[in-house]
Amino acid sequence: APSVDMLFAAPFNADAVLMINPRTNVTDTTTLSGLEVGAAKWLGIAFAPSTATLFAAPFAADAVLTVQFTVDESVVAPLRQITELTNMLSSLRSRQASAVAVQASSQQVTDAALLSSQVARLTMEASLSSSD
């Protein structure tokens with residue numbers, strides 16, 4: 001299966017998917033059987049590393065082009081773990097943001113209560129000193 005840092009080009013007028021390794025500047029093409037003949041077939045392509053699958057959007061083709069690479073589980077398993085950990089981290093950050101918001105609103109209530117009691121005390125002191 002290709003690595004995550006590979007680039008791909010959909011077969012718009014070609015009969016194969018172009019694969020480019022930007023680190024080495026090496027290019028290669030896929031060998032696809034049963035590929036539609038003609039021009040303006042697919043435009044745009046995305047690689048799903050967790051399943052080692054390419055998806056190309058149809059331009060004039062009849063369907064989405066799907067290219068499934070042989071999955072090397074030793075490569076895919078860490079990618080799945082990274083995805084799971086990223087999702088867990090996102091969830092934790094969301095919960096943490098909610099907790100901070102609750103703490104902030106709780107602190108605001110406490111601050112407002114303190115301010116209110118200070119205003120009441122100052123009002124009472126002002127009232128006592130004006131009656132003297």
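A residue counts as buried when its relative accessible area is under 20%, as exposed when over 50%, and as partly exposed in between, with a 1.4 Å probe and protein chains only. The model shown is predicted, so local features need pLDDT of at least 70 and side-chain atom pairs count only at pLDDT 80 or more, while totals for chains, interfaces and linings use all residues. Residues are numbered from 1 along each chain as its sequence is written, and side-chain values use heavy atoms, with hydrogens and water left out.

**View 1. An open sheet of three strands runs in the order β1-β2-β3 with antiparallel pairing.** Because β1 (7-9) and β3 (26-29) are at the edges and have a single partner strand each, one side of each is left without a neighbour in the sheet. From one strand to the next, the twist averages 20°. Strands are DSSP runs (E, at least two residues) and helices likewise (H or I, at least four), numbered from the N terminus.

**View 2. β1 meets β2 (residues 18-21) in an antiparallel pairing over three bridges.** Two strands pair if DSSP finds at least two bridges between them. Leucine 18 in β2 is the bridge partner of alanine 9.

**View 3. Phe8, Phe47 and Phe69 form one aromatic cluster.** Rings of Phe, Tyr and Trp (its six-membered ring) pair if their centres lie within 6.5 Å, with planes under 30 degrees apart counted as stacked, over 60 as edge-to-face and the rest as tilted. The count by this rule is three aromatic pairs. Phenylalanine 8 and phenylalanine 69 have ring centres 6.5 Å apart and planes at 40°, so this pair is tilted. Phenylalanine 8 is buried at 15% relative accessibility, and phenylalanine 69 is buried at 14%.

Methods: Axes are lines fitted to C-alpha atoms, for helices over the stretch in contact, and angles run from 0 to 180 degrees between N-to-C directions.
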